[in-house]
Amino acid sequence: MKTSRFLSTRHVWWGAWAALAVSAAGIALYSVPAYLTGDPTQSKIPINPDVALHYLSITIHALPASLLLLLGPLQFVPALRNRYGKLHRVVGRVYMVSVVIASVAAILAATFSVDGISVQVAFYLLTAAWLYSLAQAYRAIRRGQIQLHRIWMIRNYALSFAAVLLRGFLILGLAARSRYEWLTFDDVYTTSTWASILVSAGAAEWFIVQRTLKPLARNRRPESAPSPQKGQL
Ligand code: HEM
């Protein structure tokens, strides 16, 4: 990444981290109150009138999901990880348990959803990827594979962050809808759901290549490449 004399790569990454942490905290704090009231009419999405458990499943999903959204950015700060290793492990466990509870409730919420099959499939796949990346991250750290653990946690948090992008895309989509009247709410919601997952997952892969794989590739000759002969250099 090219940067000016006044703006180092380090500053850019810290800026990106701060934007991520602030937007995640904003969405988490904005989402929670509606699901603390116990009143289904406060829900921000339509509740299935035939399923008494629908609002409860969204509540059980939204509370731990908001907590993990808040905690995640702290786990990526190297100074915190290095200086307070025990805190990193405790917060990591809270994060993991939150993902598991939020996932089980998300499966129920997706099943009861009245927002259509395309959105339901998106949420099922997102839950599967969320749990899979978490399991891989846990397995890696149990084996002492720190780099691999980090890569899988970047993927996992990126999937959590899809919830933030979804709300951002919804705002943009609803603004576009006031101009393009042929757009339905379902069009905006479905497109925002899929776009948030693809953009988040894609950004995580880009970040992993930039920060982990590229430096490794630079330092390593492919195994099949012959070592340079004297005079060839
Ligand atoms: C990444 C994995 C996630 C999955 C698979 C997932 C799944 C779901 C599903 C299926 C619904 C119901 C949607 C509908 O009926 O249309 C929902 C709603 C909701 N989710 Fe998630 N979600 C995830 C992450 C998060 C995170 C990280 C948060 C944190 C803020 C969150 C907060 C909410 C809230 C507050 C609702 C209720 C709708 C609203 O008030 O905007 N979710 N989620």
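Helices (H or I, at least four residues) and strands (E, at least two) are DSSP runs, numbered from the N terminus. This is a predicted model: local features need pLDDT of at least 70, side-chain atom pairs count only at pLDDT 80 or more, and totals for chains, interfaces and linings use all residues. Residue numbers start from 1 along each chain as its sequence is written.

Start with the overall fold. The chain has 7 helices and 0 strands. Along the sequence the pattern reads α-α-α-α-α-α-α. The C-alpha trace spans about 80 × 45 × 40 Å along its principal axes.

Now turn to the ligand. A residue is near it if its C-beta atom, placed from the backbone, lies within 6 Å. The ligand is surrounded by 26 residues, and the closest are Ser 31, Lys 44, Ala 65, Ser 113 and Ala 163. Which helix gives the most to this shell? It is α2, with 6 residues. At least two residues each come from α1 (9–31), α2 (54–75), α4 (85–112), α5 (117–142) and α6 (146–179).

Next, the packing. Buried residues (20 or more other C-beta atoms within 10 Å of their own, all placed from the backbone) make up 24% of the 233 residues.

Finally, confidence. pLDDT is the predictor's confidence in each residue, from 0 to 100. The chain averages 92, and 92% of the residues score at least 70. Over residues 228–233, pLDDT stays under 50. Where pLDDT is low, the predicted coordinates should not be read in detail.

Definitions and conventions
Buried ≥ 20, exposed ≤ 12 C-beta atoms within 10 Å, placed from the backbone. Contact = placed C-beta atoms within 7 Å.
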